[in-house]
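Okay, thanks for coming, everyone. Let me put the sequence and the structure up on the screen.

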Amino acid sequence: MNNYNSETNESVDSKIEEKLHEPSMYKVLLHNDDYTTMEFVVHILVSVFNKSPENAVIIMLNVHRQGIGLCGIYTYDVAETKVKTVQAMAREQDFPLKCTMEKD
């Protein structure tokens, strides 16, 4: 049998407020040292940070002349992964290249 009553009117009133926030962004920086070769820094910038060879040379020269160079700005997880990748590649080649991240 049918228990449907057309006179019963039910409504659901709900409000869902979602506050979406942009994720925090982090700068990934390379620091100058007296041992890491310029060629290796360019290689890092091309292979890890997907820079063109021309942009990689510009960033490498900033590192060399100013002591620090900006590789890119990323979300925390991406920045952390890139820093660890650079550190591992530098260690593998016996270079003391320092790569850090800081909140943008």
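Predicted model: local features only at pLDDT ≥ 70, side-chain atom pairs only at ≥ 80, totals over all residues.

Residues are numbered from 1 along each chain as its sequence is written, and side-chain values use heavy atoms, with hydrogens and water left out.

So, the layout. We have 3 helices and 3 strands, taken as DSSP runs numbered from the N terminus, with H or I over at least four residues for helices and E over at least two for strands. Starting at the N terminus, the order is β-α-α-β-α-β. Of the 104 residues, 29% are buried, meaning under 20% relative accessible area with a 1.4 Å probe, protein chains only.

Now the helices. α1 (residues 38–47) packs with α3 (residues 76–92) at about 145 degrees, with the axes 11 Å apart. Those axes are lines fitted to C-alpha atoms over the stretch in contact, and angles run from 0 to 180 degrees between N-to-C directions. Which residues make the contact? From α1 it's Phe40, His43, Ile44 and Ser47, and from α3 it's Val86, Met89 and Ala90, where contact means heavy atoms within 4.5 Å.

Last stop, strand β2, residues 68–75, where you'll find Leu70. Leu70 has a relative accessible area of 41%, so it counts as partly exposed, the class between buried and exposed, which is over 50%.
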